[in-house]
Amino acid sequence: VCHCSKSCVLNESAMRGCLCFVVCAVTSVAAAEEPKFVNPLVAEYGAIAPQPDAAEQPRKGMKIVFDITSEAKPEEVLKGLESAARYLNLNAQAGRAPGDVRLALVLHGTATKGALNDSAYASKTGAVKNPNLALVRELKKHGVEVFVCGQSLARNKFALSEVAAEFTVAASAMTVNANKQQDGYAYISVH
């Protein structure tokens, strides 16, 4: 029996009941299933947890421009590229074909480095190769347009010859974003 104050009188039976409740609660949380992640279209990137009964499922005919500005660690894929893969996987899980959606990606700012070919990337980062290129090739197989900002290339002193063949050099990220929005694309900023 606890006698820590006049209002606190717990007997042994009550304490056992509380302890049993806590153990049961912890056990049920631990027994909850871990979400299962899948990659229905873009293998190895952009894994999703299927949510077939959730609201706001992907719609056919969507057009989106991803504005990708933040860099990753040299051996990691850019978060914005991973997000584009995730969007394609969400669409595939919802029964949509890759052609049911149009995506455009533009790298600029500190993400610009992600558009360099393997040798240039290695010399600028110390990594063995550019980890973004395999994902970019996969995205392009599914019809995704991939741009890099020409202004960011110049400001970072990256030569056009250092840009990976998978990328299209645009006049600027601003023009890609403005032109695509004028063409009816939704804008998603990935920092």
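Contact here means heavy atoms within 4.5 Å. The model is a predicted one, in which local features need pLDDT of at least 70 and side-chain atom pairs count only at pLDDT 80 or more, while totals for chains, interfaces and linings use all residues. Residues are numbered from 1 along each chain as its sequence is written, and side-chain values use heavy atoms, with hydrogens and water left out.

Taking the chain as a whole, there are six helices and five strands; helices (H or I, at least four residues) and strands (E, at least two) are DSSP runs, numbered from the N terminus. Read from the N terminus on, the order of the elements is α-β-α-β-α-α-β-α-β-α-β. Of the chain's 191 residues, 37% count as buried, that is, under 20% relative accessible area, against over 50% for exposed and in between for partly exposed (1.4 Å probe, protein chains only). Among the contacts with a separation of 6 or more, 69% come from residues 24 or more positions apart.

H2 packs with helix H4 (residues 132-141) at an angle of about 35°, the axes being 10 Å apart; axes are lines fitted to C-alpha atoms, for helices over the stretch in contact, and angles run from 0 to 180 degrees between N-to-C directions. On the H2 side sit Leu81, Glu82, Ala84, Ala85 and Leu88, and they meet Asn132, Leu135, Val136 and Leu139 of H4. Sorted by kind, the residues of this contact are seven nonpolar, one polar and one charged (Ala, Val, Leu, Ile, Met, Phe, Trp, Tyr, Cys and Pro are nonpolar, Asp, Glu, Lys and Arg charged, and the others, Gly among them, polar).

The structure also holds one aromatic pair. The ring centres of Phe66 and Tyr87 are 6.5 Å apart and the planes stand at 65°, so this pair is edge-to-face; rings of Phe, Tyr and Trp (its six-membered ring) pair if their centres lie within 6.5 Å, with planes under 30 degrees apart stacked, over 60 edge-to-face and the rest tilted. Phe66 belongs to strand S1 (residues 62-68) and Tyr87 to H2 (residues 79-93), so the pair ties together parts 21 residues apart in sequence. Both Phe66 and Tyr87 are buried.

Finally, there is Glu166, in the loop between helix H5 (150-155) and strand S4 (168-170). Glu166 is buried, with a relative accessible area of 15%. Leaving aside neighbours within four places in sequence, Glu166 is in contact with Leu133, Val136, Arg137, Lys140 and Val146.
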